[in-house]
Amino acid sequence: MGWRMLSKRAAFALGAACGLALAFGGAGARAADDNTVVFSGWGGNWQKAERTYYFAPFEKATGIKVIDVPDVNLAKIKGMVDAHNVEWDVVQAIGMWIPQKSASGDLWETLDYGAIATDGIPDALKDPHGVGVATFAQILAYNTDAYPAGKRPTSWADYFDTKKFPGKRGMLNEPRYALEIGLMAEGVPMDKLYPLDVERSLKHWDALKNDVLWWQQWPQAPSLLASGELAMSLSSQARILGLLNEEKGAPVAMVWNQGIMTTDFLAVPKGSKHKEAAFKLIAWMLDAQRQADYAKATAVGPSNIKALQLVDEKTRELLPSYHYQKGELVALDNAWWAANLASLTERWNQWKLKN
Amino acid sequence: MAGYGAGLLLLPGFAFILLFFLVPVGLILAQSLFDPAFSLRFYERIFTGPDYLTVLWISLKIAILTTAISLAASYPVAYMLVVARPAIRSLMLAFILLPFWTNVLIRCYAWMLVLQTKGLVNTLLVGWLHALAAPAPLVFNLTGVIIGMVHYVVPINILVLFSVMKAVDLRLVQAAKGLGANPLRAFLAVFVPLTLPGVRAASMLVLVISLGFFVTPALLGGREETTIAILVNTYFTEVLDWGFGSALAGLLLVFTLAGLSLYFAAQREGAELAAR
Amino acid sequence: MTGRFDLFAATRWVPWLFTGLVLFFLAAPLFVVVPAAFNNSSLLQFPPRAWSLRWFHQYFDNPSWIEATLMSVKVGICVSLLATLLGLASAVGLARYRLFGRNLLRALVMAPLLVPVIVIAVGLYELFLRLGINGSFAAIVIGHTLVTFPYATVVIGAALAEIDPRLENAAVGLGARRPRAFLEVTLPLIRPGLVVAALFGFLISFDEVVLAIFLTSPATMTLPRRLWDGIRFELNPTIAAVSTMLIVLSTVVMLLSEVLRRVLARRSGLPAGQGR
């Protein structure tokens, strides 16, 4: 009896607490202060560094408060644009998102390049709707125990050469990157990749397709490489460097050659409530010195080429922008992918499911 | 015994579903019919493309296998829960609830480490026991998906079955035994039929969960384990083609709902026939 | 039955062995997760290379992890209550409702589990943006209630199907009012179902991430949502430490309640004069 009474009372108390929380918890979610700008980034340690090297000094210099929220998400952006209630003012977007559209038209505001100084930013990274801020590289990584020194892979052709380089391969289960990689392995020069010859690339993959571990999430690759489950795989320079930084002596190495450089863009979702402040923050984040400081802390590549001169040699070696300038990387063609993503996703699944 | 209060009791639940499911999700799913004028283009694409029906079949295969295996694993355990002494039962419940305390994403990564070629199971079988000459492919294929999915649904399955079995009068089984039936027959002829409503409910729940869940197939599957739920996710979050994603989701929804209501109708008819 | 070979007694260990195997299977990922919590590595790996408590430090040194845990608990409790109440009303309603469309309504309850959760997330996100309650506590509670409500309805419905409606009718026939008869006769009988429904509400909410990504704000960030933070770059083993602590905590709670149950049972067994 006591037990039952106890649970009855507990249930009642919980119910009351819940009702109160529901009634009052709703308030306070919105704070549309005019002197703020909401930045949406990718979270984690890198957004922490963005706070240190970009937002904190920005707040001090302009008096505009930056609210930074983690984990940007394309579907969420489309949702807020379609609902005409835009919560974010500056978004760190994957390059491919910039040319995409919402149901009601553009996803992004047109940038006012009169208000945004772009000294040092290459023209290729200046889109009417977004401007490049950080560069990354998707590269070939391998387990060093699988390949003794002197017999290590150096190109995507080696990735396909299972005779000379035995061992399990891993690849992202998406057409993006895989198609470029197939063509580079066939010997298509990096400056002649786009527009991609999709069928030619798939044909090249046909021989390997059944032996590849097609992973779906980026954190899988470093983990599978380090455990020796995979001998070679696509991964990102950021993750491999992060892993080597964390785990001294992890048996993993990466190849810059023939990597694919991707760029994160800063963009303003259509209908942002703080457009002016957003442009100010974007301009702030393009500055060469600030990007150099951020790069030193994170090994994220700057978009401002002048920033490369402001970092020491050791840091420069780690930055995708530097290797791109050396001609080792190819830049992903965002416009081509945005235009072809839908049809290619379909073609990809069809190809993949066929035995 | 239909009380006029029945409609009133249904009101809060269905108002909730109407307001927070049918309206918002319906508006999204309606995008599959407008492009921007009314059009069946998206559905045509599903039925004319050769691969989407394959994907539907793969999804069904995974769901049905998961449901069958999880029922076989859960039923005896639920029964043992009912007959166990309270202290043992608490201990068993603690085990059954264990998986819930680990985030489902981390659980998948853990399964990768257990099942991969250099994982726990293969090290044990190949390295220590020499039971196998070469590591068995246990993950990044259908086997891996089924293991992960069964692991995800078994606690749910056990708990639903347990809550139903608890209501069964065990004295009936005792009585059958007292009348000379052998214990296994008493169990099969008396206890099992009494729990069938629970089995049906639990299996339906598990089947539906397996059809809609995408994290486990995405992480533990390989080249061929592409499900409708995975595709919907891709079209919504990456391709941003909500029209086609909605068509795929709508297809899954309509087919399954139709299947379920036919099933309920058949079940009711069967019950009425039996009552006659 | 004496003098005859008792098959059931001789093979009693078989169901126990089977139960043990299933429970072992449920615990299997923990052989990786728990060591990972004490591993100095940022990767989930097995076997661990170097022991350390850094992920526990990470958790306790960082208020955002603790806040997220408390938020998850709050959300989970509210969801559990709401889903159970809605599920109870709907299950009773469905059991008594005998009119047109009943089967469709029963199928409809399952719909939130059938639509891939990304679609629900997007639909609710747009709705809440328009209502101006996005990112609020209510938003995430509503979202989670929507996907746990089907569990509650099915579990409670299955429990109801198991009991004889004549019991409640008999109480009414003896002069009790319908609500009182329900509370005094039916409700105690379906209590295991209610408990399991409430449990599902809490546990599923506690582990849900997709809705949380869309419907929470930094002020209402839940634990799985916190785990998602930064996953583009790193898989954070802090969550393995969280799992380990939750497992220990839940075991302690389970043991305490077992002790409490025994103490209460003994006390209520005392002679009346000595009780309170």
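**Notebook: strand E1 of chain A, then the chain contacts**

I began with pairing: strand E1 of chain A and strand E2 (residues 65-69) of chain A run parallel and are joined by five bridges. I noted that this is a predicted model. Within that pairing, I found A:Ser40 opposite A:Val69 of E2(A).

Next I looked for what links the two strands. Helix H2 (residues 44-62) of chain A forms a right-handed β-α-β unit with E1(A) and E2(A).

I then checked for another partner of E1(A). Strand E3 (residues 90-94) of chain A also runs parallel to E1(A), with two bridges between them. Here I saw A:Phe39 bridged to A:Val90 in E3(A).

Is strand E1 of chain A enclosed or open? I looked up burial for residues 36-40. Four of the five are buried, so the strand is largely enclosed by the rest of the structure.

I moved on to where chain A meets chain B. I read 20 residues of chain A in contact with 19 residues of chain B. On the chain A side, helix H3 (74-82), strand E9 (212-215) and helix H13 (334-353) each give two or more residues. H13(A) gives the most, with eight. I sorted that side by class: seven nonpolar, eight polar and five charged residues.

Last, I turned to chains B and C. This contact takes 81 residues from chain B and 82 residues from chain C. On the chain C side, I found the largest share in helix H8 (residues 137-162) of chain C, with eleven residues. By class, I noted 63 nonpolar, eleven polar and eight charged residues on that side of chain C.

Definitions and conventions:
Residues are numbered from 1 along each chain as its sequence is written. Chains are lettered from A and ligands numbered from 1 in the order in which they are written. This is a predicted model: local features need pLDDT of at least 70, side-chain atom pairs count only at pLDDT 80 or more; totals for chains, interfaces and linings use all residues. A residue is buried if 20 or more other C-beta atoms lie within 10 Å of its own, exposed if 12 or fewer, and partly exposed in between; C-beta atoms are placed from the backbone. Two strands pair if DSSP finds at least two bridges between them. A crossover is right-handed if, with the strands pointing away from the viewer, the path from the first strand over the helix to the second runs clockwise. Two residues are in contact if their C-beta atoms, placed from the backbone, lie within 7 Å. Ala, Val, Leu, Ile, Met, Phe, Trp, Tyr, Cys and Pro count as nonpolar, Asp, Glu, Lys and Arg as charged, and the others, Gly among them, as polar.
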